[in-house]
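Me: I would like to learn how to read a protein model feature by feature. Could you walk me through one?

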Amino acid sequence: MTIASAALIALPFAGSALADGARPQPAPTAKAPHSAPAKQVRKDDKHKDAQRKAISLKVAVDPSRVRAGSSYEVTIYAKGISSGTALVTSPEGKTYKVSLSGGRATKELTVPSKARAGSKTVSVKVANKTATASFTVVAPKKQVRDDRRDDRRDDRRK
């Protein structure tokens, strides 16, 4: 037997062995998990975030004791912001917009004449900061009726 004939006889056996074996598969590739797209931050947003973090807010009420039916002043001090809008909420729940100038603003409010005496609180919000100030409502002055005056008028009419 020659080498060529031996190769021809062995070739069908080698071919079947190769056909029965597992075919090579492409190597699996690791997929990176999808991450959320990066949020675009505008320069304005960075500035606003920095402003919100740097603001300190104080509120004062003058006078600290107010008669029912009288007025009082709410003064706002916002450090770290020169202009913007403040929301002032009265003890009755009414909200007022006030413009800040140089980080300050003032709003005059009136205690309802039928308000009950006691401690009341005013709330102020600037950006993401909230501050409160308390004051005391005292009963209104009672009007004293001078009956003598009415008697004199009655005497003149007689």
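What follows is a conversation about the structure shown above.

Me: Before the details, what kind of model is this, and how are residues numbered?

Reply: It is a predicted model, in which local features need pLDDT of at least 70 and side-chain atom pairs count only at pLDDT 80 or more, while totals for chains, interfaces and linings use all residues. Residues are numbered from 1 along each chain as its sequence is written, and side-chain values use heavy atoms, with hydrogens and water left out.

Me: Thanks. How many helices and strands are there in the protein chain?

Reply: Helices (H or I, at least four residues) and strands (E, at least two) are DSSP runs, numbered from the N terminus. The protein chain has three helices and eight strands. Read from the N terminus, the order is α-α-β-β-β-β-β-β-β-β-α.

Me: And how much of the chain counts as buried?

Reply: Here buried means under 20% relative accessible area, exposed over 50%, and partly exposed in between (1.4 Å probe, protein chains only). Of the 158 residues, 18% count as buried. The accessible surface, from the Shrake-Rupley method with a 1.4 Å probe, comes to about 12,900 Å², and 51% of it belongs to carbon and sulfur atoms.

Me: Now the strands. Which way do S7 and S8 pair, parallel or antiparallel?

Reply: Two strands pair if DSSP finds at least two bridges between them. S7 and S8 pair in the antiparallel sense over nine bridges. Within this pairing, Lys120 stands opposite Phe135, and Val122 has Ala133 as its bridge partner. S7 also pairs with S4, again in the antiparallel sense, over four bridges; there Leu87 has Lys125 as its partner.

Me: What about S2 and S8?

Reply: Those two run parallel and are joined by three bridges. One of the residues to look at is Val66, whose bridge partner in S8 is Val137. Val137 counts as buried, at 2% relative accessibility. With contact defined as heavy atoms within 4.5 Å, and leaving out residues up to four places away in sequence, Val137 touches several residues, among them Val66, Ala68, Val111 and Ala115. Val137 and Ala68 are 69 residues apart in sequence, yet their C-alpha atoms are 6.1 Å apart.

Me: What share of the contacts in the chain links residues 24 or more positions apart?

Reply: Among contacts with a separation of 6 or more, such pairs account for 54%.

Me: How should I read the nonpolar core, and which residues have the most contacts inside it?

Reply: In soluble globular proteins, nonpolar side chains tend to be buried together. A nonpolar core is a set of buried Ala, Val, Leu, Ile, Met, Phe, Trp, Tyr and Cys residues joined through side-chain atoms within 4.5 Å. The largest one has 25 residues, and those with the most contacts inside it are Tyr72, Val74, Ile76 and Val124. S1, S3, S4, S5, S6, S7 and S8 each supply at least two residues of this core. Beyond its neighbours up to four places away in sequence, Val74 touches residues including Val59, Val88, Leu109 and Val122.

Me: Which aromatic pair does the structure contain?

Reply: A pair of aromatic rings is described by the distance of the centres and the angle of the planes. Rings of Phe, Tyr and Trp (its six-membered ring) pair if their centres lie within 6.5 Å; planes under 30 degrees apart count as stacked, over 60 as edge-to-face and the rest as tilted. A search of the whole structure finds one pair. Tyr72 and Phe135 form this tilted pair, at 4.4 Å centre to centre with 35° between the planes. Tyr72 lies in S3 and Phe135 in S8, so the pair ties together parts that are 63 residues apart in sequence. Tyr72 counts as buried at 2% relative accessibility, and Phe135 is likewise buried at 2%.

Me: Last topic: the backbone. Where is the cis peptide bond?

Reply: Most residues other than glycine have a negative phi, and most peptide bonds are trans. A cis bond joins Asp62 and Pro63, with omega about 0°. Pro63 is found in the loop between S1 and S2.

Me: And which residue in the hairpin of S7 and S8 takes a positive phi?

Reply: Ala127 does, with a phi near 55°, in a hairpin that has two residues between the strands. Ala127 is partly exposed, with a relative accessible area of 39%.
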